[in-house]
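Work through the exercises below with the sequence and the 3D structure open. Try each task before reading its solution.

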Amino acid sequence: MRLVDTHAHLEELPDLELALAEARAAGVTDVIGMGVDGPTSRRVVAWAESRPGVWAAVGHHPLNQDGPDLDLLRELAARPRVVAIGEIGLDHEDEHRGPHAAQLEWFHACCRLAVEQGLPVCVHVRGSVREVYEALRDHPGITGVMHYWTLGWDWARRFLDLGMYLGFSGVLTRAGRQELREVARRVPDHRLLVETDAPWGTPRGRKGPMRPAWMVDTAKALAEIRGVDLARLAELERTNACRLFRRLKA
Ligand SMILES: [Zn+2]
C-alpha cells in the first residue's frame, strides 16, 4: 500500500524523521507538506529536496497578518519538488486575523500564480464556502483540492463541477458525520483524495496530535463507506494524487 498524505504541516510535527518513518511503515509512502507563509514554504521545499517521499506545496494561509511574498512563492514554485500552491483560501471564522477583503486579494493572487505555473491549489475553507467558490470560478483552468472537506453534497457537487478534488481527513472517522459520509460515498472515484492536516484532524480512537501514519484510519473508513477493499482504495488515491499533483512521481 502506497498512500499519499496530500496535506500535512511538517513544521508542526515534533519529530519529522520519526513521523516519516512511521508513515512509511504504515503504508503512507508520500507526504505533501504545506507552506503557510514565506518561511514555512522555504522550509518545506528544503525538506522535499532532501527527503524521498516528501513533496512541497508553497502558499499563504488566509490567517496571516500580511500579504504573500509573491516573488518568493513564484521562485519556489518553479522547483521540481513543488507540486502545488497551498495552503491558500479564505477563513471567515477567526475574526482576529486578516480582514476579509485582504484575504480575498491574497487568494486571487495565489490562484493566478497557480494557473500561471500550471500547478494545482490546496484550498482552505472555513465559514467562507460561497466566497471561495465564487473566487475559484474566476480562474478558468484552475485545478486543485478542497482540503479537509467537511460539508454536504450540495457544495461538494459544485466544487466537483469546477474540476476540484475533495480531500477527506480524520473527521470522516468521527461519529455523527452522516452528511460527510454521504459525500464520501458519492464522490466519483477519480476525484477523491485523503489527507491528515497533521498535527490536526486526529481520527476517532487515537489520542494526541495527528501524524501522517494515522491517515490509514481515514483511508479504511473511506474504503468501508465505498464498499471497496483498502488496497483498491489506496491504489485509487495514489493514482488521483499523481494525476492532480503532476510533479509527484513514484
Ligand atoms: Zn492545513
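Two strands pair if DSSP finds at least two bridges between them. Helices (H or I, at least four residues) and strands (E, at least two) are DSSP runs, numbered from the N terminus. The model is a predicted one: local features need pLDDT of at least 70, side-chain atom pairs count only at pLDDT 80 or more, and totals for chains, interfaces and linings use all residues. Residues are numbered from 1 along each chain as its sequence is written.

**Exercise 1. The pair β6 and β7**

Task: State in which sense strand β6 and β7 pair, and over how many bridges.

Solution. Step one: locate β6 at residues 144-146 and β7 at 165-168. Step two: the two strands pair in the parallel sense, over two bridges. Step three: across this pair, Met146 stands opposite Leu166.

**Exercise 2. The whole sheet**

Task: Give the order of the strands in the sheet, and find which strands stand at its edges.

Solution. Step one: eight strands form an open sheet, ordered β1-β2-β3-β4-β5-β6-β7-β8, with parallel pairing. Step two: β1 (3-8) and β8 (192-194) each have a single partner strand, so one side of each has no neighbour in the sheet, and these two are the edges. Step three: on average, neighbouring strands are turned by 30° against each other, direction ignored. Axes here are lines fitted to C-alpha atoms, for helices over the stretch in contact, and angles run from 0 to 180 degrees between N-to-C directions.

Step four: follow some of the pairs. β1 is joined in the parallel sense to β2 (residues 28-33) by four bridges, and Asp5 has Val31 of β2 as its bridge partner. Helix α4 (residues 100-117) packs on the sheet, where it touches β4 (82-91) and β5 (121-126), and its direction makes about 160° with that of β4. A contact between two residues means that their C-beta atoms, placed from the backbone, lie within 7 Å.

**Exercise 3. Strand β4**

Task: How many residues of β4 are buried, and which residue of β4 is the bridge partner of Ala57?

Solution. A residue is buried if 20 or more other C-beta atoms lie within 10 Å of its own, exposed if 12 or fewer, and partly exposed in between, with C-beta atoms placed from the backbone. Step two: nine of the ten residues of β4 are buried. Step three: β3 (residues 54-58) runs parallel to β4 and is joined to it by three bridges, and Ala57 has Ala84 as its partner. Step four: β4 is also joined to β5, again parallel, by five bridges; Leu90 stands opposite Val125 in β5.

**Exercise 4. The two sides of helix α7**

Task: Which residues of α7 are buried, and which exposed residues does the face turned away from them carry?

Solution. Step one: in α7 (residues 178-186), the residues Leu180, Val183 and Ala184 are buried. Step two: these residues cover an arc of only 100° around the axis, which puts them on the same side of α7; the arc is that of the directions from the helix axis to the C-beta atoms. Step three: the face turned away from this side carries the exposed residues Gln178 and Arg185. Step four: the buried residues pack against α6 (153-161), β7 and α8 (215-226).

**Exercise 5. Thr143**

Task: Is Thr143 buried or exposed?

Solution. Step one: Thr143 is found in the loop between α5 (129-137) and β6. Step two: Thr143 has 21 C-beta neighbours inside 10 Å, so this residue counts as buried. Step three: not counting residues up to four places away in sequence, Thr143 touches Pro120, Gly163 and Leu244.
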